[in-house]
Amino acid sequence: MFSVIIPVYNAEKTIEKTLNSLAGQTRMDWIEEVIIVDDGSTDETAKLVKTYQRRGSGKNNEAKLPIKYIYQKNAGPSSARNTGMQQATGEYIAFVDADDEWQLDKLEKQGEILKKYVQIDLLCGGLEEGALRILNRTYDTLCHISLKDYCIKSIIFTSTVVIKRERAKEAGEFNENMRYAEDMNYYQRFFRWDQVYYLPEKLVSYGSGREYYGQNGLSSHLKEMHEGRQYNYGILRKEGQISSLFYILMIIFGEIKYFRRRCLTNRERRRYHNI
């Protein structure tokens, strides 16, 4: 049912925890293959993955993941994900980054939804507990999200994403020339078919505590992320997926959010240095 794609780069400190979170899935039998694309690591990542392949995980060597390891020269996470998608054979593709950990019932929850609602092309979920809030609307159960929702709020987190493989072929590949907001650039294409859904439950433990874009307004690359999002809005306008008026509103809204995040980041930095 699922081809799981993991792009890795110098992930020796985290990759085993990530793989353990897959091996511990309540429906591990739904994982047809785990495609690990090593994007030119220079540490012990390859050795750890190959050791994991041999010994499996869990008690008495019971839980063995069907791992396929691919090495390529360093070309960035988009290239690594594209390589993985080219190799995938499952009905659905699930992404996870090499420093994230799935909740143990993540695939079971999403798989049951996909069986019930076969029209869904992209299903994602939360990194935190609690309802999804977009402007004055609140969702506490599975909900359809629109392209405008996604423009207003970054709510598609890669390690929660499951996509229909046949639809992914139509959507194309991740833009390998983009280093920031390339995930938005890819996922926004799925709104052409208007079958994108969000499950407002925590599905992933994100990056061992590191901040994600949008959490408390923090990011280590605020300017680059901001510019990437503005670029993506321009693509949507050119393709006619959003109106010129909405485009202008999102550019203004984006500038306001960027200014707010910069202020929050500067405040956090000052507080850290004063400790």
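This is a predicted model: local features need pLDDT of at least 70, side-chain atom pairs count only at pLDDT 80 or more; totals for chains, interfaces and linings use all residues.
**Whole chain**

Start with the whole protein chain on screen. It has 275 residues, and 52% of them count as buried. Colour by secondary structure next. The protein chain holds 9 helices and 12 strands. Now think about contacts between residues at least 6 apart in sequence. Of these, 79% join residues at least 24 apart.

**Helix 1 and helix 2**

Select residues 15-23, which form helix 1, and residues 45-55, which form helix 2. Two packed helices are described by the angle between their axes and the distance between those axes. Here the axes come within 10 Å and cross at roughly 30°. Angles under 35 degrees count as roughly parallel, so helix 1 is roughly parallel to helix 2. The crossing is right-handed.

Show side chains at the contact. Helix 1 contributes Ile15, Glu16, Leu19, Asn20 and Ala23. Helix 2 contributes Leu48, Val49, Tyr52 and Arg55. Sorted by class, this contact has 6 nonpolar, 1 polar and 2 charged residues.

Stay on helix 1 and select its buried residues: Ile15, Thr18, Leu19, Ser21, Leu22 and Ala23. What covers the buried residues of helix 1? Helix 2 is part of the cover, and so are strand 1 (2-8), strand 2 (31-39), strand 3 (67-72) and strand 5 (101-102). Ile15, Leu19 and Ala23 are among the buried residues, and they also take part in the contact with helix 2.

**Thr26**

Move along to Thr26, in the loop between helix 1 and strand 2. Thr26 counts as partly exposed, because its relative accessibility is 44%. Which residues does Thr26 touch, leaving out those up to four places away in sequence? They are Leu104, Asp105 and Glu108. Thr26 and Gln103 are 77 residues apart along the chain, yet their C-alpha atoms are separated by 9.6 Å.

**Cysteines**

Select the cysteines. How many disulfides does a search of the whole structure find? It finds 0. Centre on Cys124, which is in no disulfide. Its nearest cysteine sulfur belongs to Cys143 and lies 8.2 Å away. A disulfide needs the two sulfur atoms within 2.5 Å. Is Cys124 buried or exposed? Cys124 has a relative accessible area of 0%, so it is buried. Jump to Cys263 next. Cys263 counts as partly exposed, at 36% relative accessibility.

**Leu135**

Go to the loop between strand 7 (132-134) and strand 8 (137-139), where Leu135 is found. Look at its backbone. Leu135 has a positive phi of about 55°, although it is not a glycine. The relative accessibility of Leu135 is 64%, so this residue counts as exposed.

**Asp149**

Select helix 5, residues 147-152, and pick out Asp149 within it. Is this aspartate buried or exposed? Asp149 is buried, because its relative accessible area is 5%. Show what surrounds it. Beyond neighbours within four places in sequence, Asp149 is in contact with Ile134, Arg137 and His144.

**Asp194**

Finish in the loop between helix 7 (182-187) and strand 11 (196-202), the place of Asp194. Check the backbone here too. Asp194 has a positive phi of about 55° and is not a glycine. With a relative accessible area of 37%, Asp194 is partly exposed.

How values were computed:
Residues are numbered from 1 along each chain as its sequence is written. Side-chain values use heavy atoms; hydrogens and water are left out. Axes are lines fitted to C-alpha atoms, for helices over the stretch in contact, and angles run from 0 to 180 degrees between N-to-C directions. Helices (H or I, at least four residues) and strands (E, at least two) are DSSP runs, numbered from the N terminus. Angles under 35 degrees count as roughly parallel, over 145 as roughly antiparallel, 65 to 115 as roughly perpendicular and the rest as oblique. A crossing is left-handed if the near helix is turned anticlockwise from the far one by less than a right angle, and right-handed if clockwise. Contact means heavy atoms within 4.5 Å. Ala, Val, Leu, Ile, Met, Phe, Trp, Tyr, Cys and Pro count as nonpolar, Asp, Glu, Lys and Arg as charged, and the others, Gly among them, as polar. Buried means under 20% relative accessible area, exposed over 50%, partly exposed in between (1.4 Å probe, protein chains only).
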